[in-house]
Amino acid sequence: MKHKPPAEADEEQLVRRTARGDRAAFEEFYRRTSPWLAVRLRRRCADEQVVAEVMQETYLAVWRAAGSFSGAAAGGTAVGWVWTIAARRLVDAFRRRAHHAQLPPAVNVATVAPAAEEEALAGTVGDYVGDALRALAPELRQVLQAMVLDGLSVRETSVLLGLPEGTVKTRARRARIAMREALS
């Protein structure tokens, strides 16, 4: 069976080939995913050094753990898998830095272009849900995004956003109530 060249393979195939030690597949996966991953990380952290460290740690983890990726069989995608790794590495970086200094400042959401997941969500969930999401206060939307779209725990969201866990829980509850009211 002949394999497609890396440029023609989808991301899941690239990860599977990376698991077998295919450097060209890994390089193609990096070429495709690193630009949007860097943008997503910068939306959550303004410190370029932290973003660079997280990117490096993420792709090192992808190279080492590609064999553990179960892909579509488990209901996931390679892009989702790499984001999960990166989000957890970002939380770890914030924890490490919290011991030495204050948390890096969050990016001002008002000055940043919409994230790809926000655009995709708006395009797939319809105007009604999209309007409800946009109507949420920014602090509620941030918590909802971290916990629902990024799949982070309360503790990870707390570290990522630099908020106490109780505040994260309260904002998540308020966001869910506001969404329920807006959609009823």
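Leaving aside neighbours within four places in sequence, which residues is leucine 41 in contact with? The legends below take up this question first and then turn to other close-up views.

The model is predicted, so local features need pLDDT of at least 70 and side-chain atom pairs count only at pLDDT 80 or more, while totals for chains, interfaces and linings use all residues. Residues are numbered from 1 along each chain as its sequence is written, and side-chain values use heavy atoms, with hydrogens and water left out.

View 1. Contact means heavy atoms within 4.5 Å, and, apart from neighbours within four places in sequence, leucine 41 is in contact with Val51, Val54, Met55, Trp83, Ala86 and Leu90. A nonpolar core is a set of buried Ala, Val, Leu, Ile, Met, Phe, Trp, Tyr and Cys residues joined through side-chain atoms within 4.5 Å, where buried means under 20% relative accessible area, exposed over 50%, and partly exposed in between, with a 1.4 Å probe and protein chains only. The largest such core has 34 residues, of which Phe29, Leu37, Leu41, Tyr59, Val62 and Leu90 touch the most other members. At least two residues of this core come from each of helices H1 (11-19), H2 (23-44), H3 (48-65), H4 (78-100) and H7 (154-161); helices (H or I, at least four residues) and strands (E, at least two) are DSSP runs, numbered from the N terminus. H4 gives the most to this core, with eleven residues. A second, separate core of seven residues includes Ala132, Leu133, Leu140 and Met179.

**View 2. The crossing of H2 and H3.** The axes of these two helices come within 10 Å and cross at roughly 145°, the axes being lines fitted to C-alpha atoms, for helices over the stretch in contact, with angles that run from 0 to 180 degrees between N-to-C directions. Among the residues that meet here are Phe29, Leu37 and Arg42 in H2, and Glu48, Val54 and Val62 in H3.

**View 3. Aromatic pairs.** Rings of Phe, Tyr and Trp (its six-membered ring) pair if their centres lie within 6.5 Å, and planes under 30 degrees apart count as stacked, over 60 as edge-to-face and the rest as tilted. The whole structure holds four aromatic pairs. In one of them, phenylalanine 26 and tyrosine 59 are edge-to-face, 6.5 Å centre to centre with 75° between the planes. Phenylalanine 26 lies in helix H2 and tyrosine 59 in helix H3, so this pair ties together parts that are 33 residues apart in sequence. Phenylalanine 26 and tyrosine 59 are both buried. Phenylalanine 69 and tryptophan 81 form a tilted pair, 5.2 Å centre to centre with 45° between the planes, and they link the loop between H3 and H4 with helix H4, twelve residues apart.

**View 4. Arginines over rings.** A charge sits over a ring if NZ of Lys or CZ of Arg is within 6 Å of the ring centre and within 35 degrees of the ring normal. The charged end of arginine 23 sits over the ring of tryptophan 63, 5.4 Å from its centre, and arginine 40 lies over the face of tryptophan 83, at 4.0 Å from the ring centre.

**View 5. Arginine 97 in helix H4.** With a relative accessible area of 23%, arginine 97 is partly exposed. Not counting residues up to four places away in sequence, arginine 97 touches Asp47, Gln49, Val50 and Glu53.
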